[in-house]
Amino acid sequence: MTAGATLLTAGGGGLLAACGSDDSDASDDSGSGGSGAASFGTLAVRLSWIKNAEFAGEYVADQRGYYKAAGFSGVNLIAGGPSATPQDTDVATGKAFIGISSPDITGTAIAQGAPLKIIGAQYQKNPFAILSMAKSPLRTPQDMVGKKIGVQATNESVWSAFLKANKLDPSSITKVPVEFDPLPLTTGTVDGWFAFVTNEPNLLRVKGFDVTTFLLADHNYPLVSETFMVTDESIAKNRDKVKAALTAEIRGWKDATSDAALGAKLAATVYGKDLGLDEKEQGLESADQNKLILTEETKKNGLFTLTDTLVEENIATLKLAGVDITADKLFDLSIIRELYKEKPELI
């Protein structure tokens with residue numbers, strides 16, 4: 001981690017440089033735009049969760065001046081969380097210019113009239129997993145039959161779709177309503193826990209528990225996640241600004257995926273310093289999420305890109321979740337593809 005902290009001072013702001021605030025507005029067009037040729041003002045980015053290592057790339061991009069280099073005067077990283085307004089609402093209403101979400105959430109919003117499109121995906125593999133204790137491991141969906149699984153209310157739709165995808169009768173598994181702290185798993189209250197593979201398993205590991213997981217993505221649930229979304233109007237009228245935002249994001253995430261310690265230290269000591277984050281756990285989270293971001297396809301085509309096959313698989317998976325939407329209504333990948341053609345060095 002010492003090496004990671006040292007690297008943060010190269011090519012941009014130092015580790016403790018001023019970080020993005022939470023109170024700027026997406027429509028703010030003031031500022032010089034840094035070293036970029038354009039002046040897009042402050043970029044408001046709506047995060048999908050609290051400010052932990054999940055957003056390592058954004059933190060590194062901010063610290064190293066990549067947003068300013070792309071033409072923004074600064075960045076406002078708007079935190080999410082259980083009590084936050086939906087991220088899709090924040091983007092659709094203009095509170096944020098770009099947001100991080102997931103296809104099921106954005107697809108549902110579009111079906112209800114929101115003028116949004118997904119323009120890229122950080123996670124090529126879905127991070128949802130079933131967590132269990134190593135002494136009583138659940139290794140496949142079928143292993144859940146006859147067991148008690150803790151499922152959070154916000155994840156009910158994903159849980160139901162996953163059971164459908166694997167042809168499992170919901171009545172054969174006892175679903176237990178839970179919150180987000182996985183400690184009940186360690187006491188035997190439940191046999192399995194619906195989790196983010198990057199998060200809850202590592203929270204338990206740093207406490208000394210031996211746990212195991214299986215990814216939903218490895219069992220008929222090939223849904224991407226941490227997807228970038230913007231409004232249809234932004235695609236039509238602010239294409240250069242969208243490209244500028246993606247350029248900064250790509251540069252930040254290239255750095256973050258090359259060293260998991262970079263974003264972990266920033267999450268624990270700067271952006272999430274008031275959350276009581278454990279830097280060791282954040283490092284484990286960063287390392288695990290990098291495995292979801294870096295694939296043979298993204299190494300070849302560039303970060304955040306999706307293949308046509310993966311798009312088709314996402315549409316089919318969404319249908320299982322009751323979100324009946326076509327690829328052209330949900331995705332617009334023309335901007336990310338144009339960007340890599342114009343700037344192949346970003347790959």
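Start by selecting Ile110. Skipping its neighbours within four places in sequence, Ile110 is in contact with Leu116, Ile325, Lys329 and Leu330 (contact means heavy atoms within 4.5 Å). You are looking at a predicted model, where local features need pLDDT of at least 70 and side-chain atom pairs count only at pLDDT 80 or more, while totals for chains, interfaces and linings use all residues. Residues are numbered from 1 along each chain as its sequence is written, and side-chain values use heavy atoms, with hydrogens and water left out.

Stay on Ile110 for a moment. With 15% relative accessibility, Ile110 counts as buried (buried is under 20% relative accessible area, exposed over 50%, partly exposed in between, with a 1.4 Å probe and protein chains only).

Ile110 lies in helix H5 (helices are DSSP runs of H or I with at least four residues, strands are runs of E with at least two, and both are numbered from the N terminus). Next, colour the five strands that form an open, mixed sheet in the order S2-S1-S3-S10-S4 (two strands pair if DSSP finds at least two bridges between them). Strand S2 (74-78) and strand S4 (116-123) are at the edges with a single partner strand each, so one side of each has no neighbour in the sheet. From one strand to the next, the twist averages 25°.

Zoom in on strand S1 (residues 42-46) and strand S3 (residues 98-101), which run parallel and are joined by two bridges. Here Val45 stands opposite Ile98 in S3. Then bring back H5 (residues 103-111): this helix packs on the sheet, touching S3, S4 and strand S10 (225-231), and its direction makes about 180° with that of S4 (axes are lines fitted to C-alpha atoms, for helices over the stretch in contact, and angles run from 0 to 180 degrees between N-to-C directions).

**A buried strand**

Select strand S5 (residues 128-133). Six of its six residues are buried, so S5 is largely enclosed by the rest of the structure. Phe128, Ile130 and Ser132 cover one side, with Ala129, Leu131 and Met133 on the other. S5 pairs in the antiparallel sense with strand S8 (residues 192-196) over four bridges, and Ala129 stands opposite Ala195 in S8. Strand S9 (residues 211-215) also pairs with S5 in the antiparallel sense, over five bridges; look for Ile130 opposite Phe214.

**The core**

What surrounds Ile130? Beyond its neighbours within four places in sequence, its contacts include Leu138, Met144, Trp159 and Trp193. Ile130 is also among the residues with the most contacts inside the largest nonpolar core, which has 91 residues (such a core is a set of buried Ala, Val, Leu, Ile, Met, Phe, Trp, Tyr and Cys residues joined through side-chain atoms within 4.5 Å). Helix H10 (residues 239-258) gives the most to this core, with eight residues.

**Last stop: two helices**

To see the meeting place, show Ala56, Gly57, Glu58, Val60 and Ala61 in H2 against Ala248, Glu249, Gly252, Trp253, Asp255 and Ala256 in H10.
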